[in-house]
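User: I am new to this structure. Please take a close look at a single part, the core, and explain how the rest connects to that part.

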Amino acid sequence: MTDQAPAPLPESPGITDIPGKPVSASRTTLSHIMTHNDTNLLGTVHGGVIMKLVDDAAGAVAGRHSGGPAVTASMDEMAFLEPVRVGDLVHVKAQVNWTGRTSMEVGVRVLAERWNESAPATQVGSAYLVFAAVDADGKPRRVPPVMAETERDRRRNQEAQIRRTHRLARRRAIVELREKRAADGIED
């Protein structure tokens with residue numbers, strides 16, 4: 001093991017003039033106790049409540065990493081693995097996985113500690129969100145590259161690049177389909 005700083009992750013072209021930031025500089029955990037106000041008709045915590053906590057934690061991470069305002073551009077792969085119940089202490093852990101020129105992917109894990117058990121927290125959900133850094137006028141602004149500190153960080157960065165490739169391919173395919181339908185005179 002060396003005392004050298006970790007090597008930065010691959011950067012997008014043109015970002016080299018902005019110093020990188022390590023993953024740990026913006027990593028955060030938001031914790032919240034679930035109450036009856038958070039429940040759905042089944043008596044478990046409403047998925048929308050969890051999604052808001054996910055967006056809040058991810059937004060804090062994106063703002064920290066980018067050094068200013070960042071807005072949610074998309075949320076994908078929100079997975080609910082187990083129900084959350086009233087009284088559960090929910091921990092939402094978020095970190096930057098990947099950065100582009102003006103955007104970044106934030107990965108989020110949702111854990112719950114059952115109020116009536118002494119067992120460790122279990123993962124109850126996960127999500128990936130893309131944030132765009134914006135200036136005071138709401139225009140995109142550049143973000144620093146993210147620097148991996150662990151092998152897990154490097155794996156998350158690689159997986160984030162795969163998700164980005166899929167998001168872009170999906171968007172292209174939809175645009176092409178709509179253009180073809182319009183060219184064929186098909187109105188939606």
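Analyst: **The core and what surrounds it**

The largest nonpolar core has 29 residues, and those touching the most other members are Ile50, Val54, Val90, Met104, Val106, Val108 and Phe131. At least two residues of this core come from each of α1, β3, β4, β5 and β6. α1 gives the largest share, 7 residues. In soluble globular proteins, nonpolar side chains tend to be buried together. The model described here is predicted.

An α-helix has 3.6 residues a turn, so residues three or four places apart point the same way. After α1 comes Gly67, with a positive phi near 75°.

Val54, with neighbours within four places in sequence left aside, is in contact with Met75, Met78, Val92, Val108, Val110, Ala127 and Leu129.

Strand β3 also supplies at least two core residues, and Glu77 lies in this strand. Most residues other than glycine have a negative phi, and most peptide bonds are trans. Glu77 has a positive phi, near 55°, although this residue is not glycine. Its relative accessibility of 47% makes Glu77 partly exposed.

Arg167 and Glu105 form a salt bridge in which the closest N and O atoms are 3.6 Å apart. Arg167 belongs to helix α2 (residues 151-183) and Glu105 to strand β5, so this pair ties together parts 62 residues apart in sequence. Both of these residues are buried.

Arg114 and Asp88 make a salt bridge whose closest N and O atoms are 2.5 Å apart. Arg114 sits in the loop between β5 (103-113) and β6, while Asp88 sits in the loop between β3 (70-80) and β4 (89-99), so parts 26 residues apart in sequence are tied together. Arg114 is buried at 15% relative accessibility, and Asp88 is buried at 1%. The side chain of Arg114 also reaches the backbone oxygen of Pro83 at 3.1 Å. Apart from its neighbours within four places in sequence, Arg114 is in contact with Glu82, Pro83, Val84, Arg85, Asp88 and Val124. The C-alpha atoms of Arg114 and Leu89 are 6.7 Å apart, although the two residues are 25 residues apart along the chain.

A further salt bridge, one of 11 in the structure, joins Asp17 and Arg142, with the closest N and O atoms 2.8 Å apart. Asp17 is in the segment before β1 (21-22) and Arg142 in the loop between β6 (122-133) and β7 (146-147), so the pair connects parts 125 residues apart in sequence. Asp17 is exposed, with a relative accessible area of 57%, and Arg142 is partly exposed at 32%.

Methods. Residues numbered from 1 in each chain as written. Predicted model: local features only at pLDDT ≥ 70, side-chain atom pairs only at ≥ 80, totals over all residues. Heavy atoms only, no water. Salt bridge = Lys/Arg side-chain N within 4 Å of Asp/Glu carboxyl O. Helix = DSSP H or I, 4+ residues; strand = E, 2+ residues; numbered from the N terminus. Buried < 20%, exposed > 50% of the residue type's maximum accessible area, 1.4 Å probe, protein only. Core = buried A, V, L, I, M, F, W, Y, C linked by side-chain atoms within 4.5 Å. Contact = heavy atoms within 4.5 Å. Polar contact = N/O pair within 3.5 Å; in protein donor to acceptor, adjacent residues only side chain to side chain.
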